[in-house]
Amino acid sequence: MSSMASSENTTTIEHPSSTNKLPSYTHRFFWDVDPMQLEIDEHYRYVVERLLEYGDLPAVRWLLAFFSPQDIIPVLQTSRRLSPFSANYWALFFDVNKENILCLSTPSLREPKPIWPY
């Protein structure tokens with residue numbers, strides 16, 4: 001592998017600091033908001049959900065460096081926005097019982113009874 005090819009595939013991970021802004025390489029995962037204006041402290045659930053669901057390797061590395069498992073696991077357990085595929089993966093990654101993950105549970109509503117029983 002040439003040194004040029006290897007340098008193209010690497011992304012410098014910004015280390016956690018006192019900044020409350022997203023790194024620029026994560027902006028593409030926040031297409032519905034202005035990522036430059038997104039305050040991580042105020043919207044941490046949204047940031048965690050979005051990166052758990054859509055993040056690539058550099059974004060997930062940043063997520064895991066910026067947030068502790070104690071910050072991420074409650075979001076994983078209570079989010080309804082994660083797909084079953086992503087929730088299952090992260091449950092295995094964090095060793096969380098799948099029964100404790102809301103989006104993997106069966107719907108609380110059973111099949112509705114007919115309104116007009118004939």
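## Overall picture

A residue counts as buried when its relative accessible area is under 20%. By that cut-off, 33% of the 118 residues of this protein are buried. The model is a predicted one.

The protein has 5 helices and 0 strands. Read from the N terminus, the order of elements is α-α-α-α-α. Take the contacts between residues at least 6 apart in sequence: 42% of them join residues at least 24 apart.

## Confidence

The average pLDDT of the protein is 81. A score of at least 70 is reached by 75% of the residues. Residues 1-18 fall below 50. That stretch still has 15 contacts in the model beyond near neighbours in sequence. Where pLDDT is low, predicted coordinates should not be read in detail.

## The nonpolar core

The largest nonpolar core holds 28 residues. Those touching the most other members are Phe30, Val47, Leu51, Trp62, Leu63, Phe67 and Leu76. Helix 2, helix 3, helix 4 and helix 5 each give two or more residues to this core. In soluble globular proteins, nonpolar side chains tend to be buried together.

Phe30 reaches several parts of the chain. Leaving aside neighbours within four places in sequence, Phe30 contacts Leu22, Pro35, Leu38, Tyr46, Val47, Arg50 and Leu51. Two of these partners, Val47 and Leu51, are also on the list of core residues that touch the most other members.

## Helix 4

Helix 4 spans residues 69-78. Its buried residues are Ile72, Val75 and Leu76. Viewed down the helix axis, they fall within an arc of 100°, so they line one face of helix 4.

## Phe67 and Tyr44

Phe67 sits in the loop between helix 3 and helix 4. Its relative accessible area is 6%, so Phe67 is buried. Beyond neighbours within four places in sequence, Phe67 contacts Ile40, Tyr44, Val47, Val48, Trp62 and Ile72. Ile72 is one of the buried residues of helix 4.

Tyr44 belongs to helix 2. At a relative accessible area of 34%, Tyr44 is partly exposed. Phe67 and Tyr44 are 23 residues apart along the chain. Their C-alpha atoms are separated by 9.1 Å.

## Aromatic rings and a charge

The model contains 10 aromatic pairs. One aromatic cluster is formed by Tyr89, Trp90, Phe93 and Phe94.

Arg50 has its charged end over the ring of Trp31. The distance to the ring centre is 4.2 Å. Arg50 is also one of the contacts of Phe30.

## After helix 5

Asp95 lies in the segment after helix 5. Its relative accessibility is 70%, so Asp95 counts as exposed. Asp95 is not a glycine, yet its phi is positive, at about 55°. Most residues other than glycine have a negative phi.

Terms used:
Residues numbered from 1 in each chain as written. Predicted model: local features only at pLDDT ≥ 70, side-chain atom pairs only at ≥ 80, totals over all residues. Heavy atoms only, no water. Buried < 20%, exposed > 50% of the residue type's maximum accessible area, 1.4 Å probe, protein only. Helix = DSSP H or I, 4+ residues; strand = E, 2+ residues; numbered from the N terminus. Arc of directions from axis to C-beta. pLDDT = per-residue confidence, 0-100. Contact = heavy atoms within 4.5 Å. Phe/Tyr/Trp six-rings, centres within 6.5 Å; stacked < 30°, edge-to-face > 60°. Lys NZ or Arg CZ within 6 Å of the ring centre and 35° of its normal. Core = buried A, V, L, I, M, F, W, Y, C linked by side-chain atoms within 4.5 Å.
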